[in-house]
Amino acid sequence: MAAAHAIPGRRPVAEALASAREIHAVLLDRKGGLGTLEGAAQAAGVAVRRVSRAELDQASGGVVHQGAVALAPSFPYVDLRDLAQARLLVVLDGVTDPQNLGGIARTAEQAGADGLVLPRRRSAHVTPAVEKASAGALSWLAVAVVANITRALATLGQAGIWSVGLDLHGETSIWDCPLLDGPVAIVVGAEGAGLSRLVTERVDARAVIPTRGRVGSLNAGVALALAAFEVVRRAATPRAG
């Protein structure tokens, strides 16, 4: 039997239970407390086990767990074709830090994104550390892993989804980019390196976030947040005429 996938932390466990995600068991600190989580697990028909701190540490793989770990099947990745009707997607091009991936997932979910697309190679994937950093967002957000980002963008384009890469040298600003008005995949590159050459050539537009400071660039998560919530703002703003 494959090893269980751990979801560590009180908030991630609570969100996993609320989302009706498949969970084998919830482990809680035997010293007591966490009655709300215990009740939520019981209401969802999920077994609860009170265990030692050492057992929690082992189950979480060393990730900070706050006395709560859910044990689940392998993370349920979706097929890219399942995202063909999306209005907003986030595509990552080389984000390898688990904390960054978790934070980006949290931002994407809060912005109402329909899914997250990751490359199979040179990328962080969903691990217990990423689950914890996402604060439960990964229990609500669809995630696809693809062999090739450029081909994935082409597939999304055929489905009517534009791709906008965030680029320091973009030809337009995110405030002016018309492609953010419709179904769109926002493409975020690696910290420091930015978008890869092939992805830069493939996106339908490259947009820059105007800044006034002297530091070279925003980090990937902040850049994504600004672009994603620009999409949210436009969707919420009535069009003139």
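Modeller: Arg 233 has 44% relative accessibility, so Arg 233 counts as partly exposed. Buried means under 20% relative accessible area, exposed over 50%, partly exposed in between (1.4 Å probe, protein chains only). This is a predicted model: local features need pLDDT of at least 70, side-chain atom pairs count only at pLDDT 80 or more, and totals for chains, interfaces and linings use all residues. Residues are numbered from 1 along each chain as its sequence is written, and side-chain values use heavy atoms, without hydrogens and water.

Colleague: Which side chain meets Arg 233 in a salt bridge at 2.9 Å, N to O?

Modeller: A salt bridge is a side-chain nitrogen of Lys or Arg within 4 Å of a carboxyl oxygen of Asp or Glu. Helices (H or I, at least four residues) and strands (E, at least two) are DSSP runs, numbered from the N terminus. The partner is Glu 230.

Colleague: Is Glu 230 buried or exposed?

Modeller: Glu 230 belongs to a salt-bridge network with Asp 181, Arg 233 and Arg 234. Its relative accessible area is 3%, so Glu 230 is buried.

Colleague: Which residue forms a salt bridge with Asp 167?

Modeller: Asp 167 sits in the loop between strand S8 (162–166) and strand S9 (172–173), and its partner is in strand S11, 39 residues apart. At 15% relative accessibility, Asp 167 counts as buried. The N to O distance is 3.1 Å, and the partner is Arg 206.
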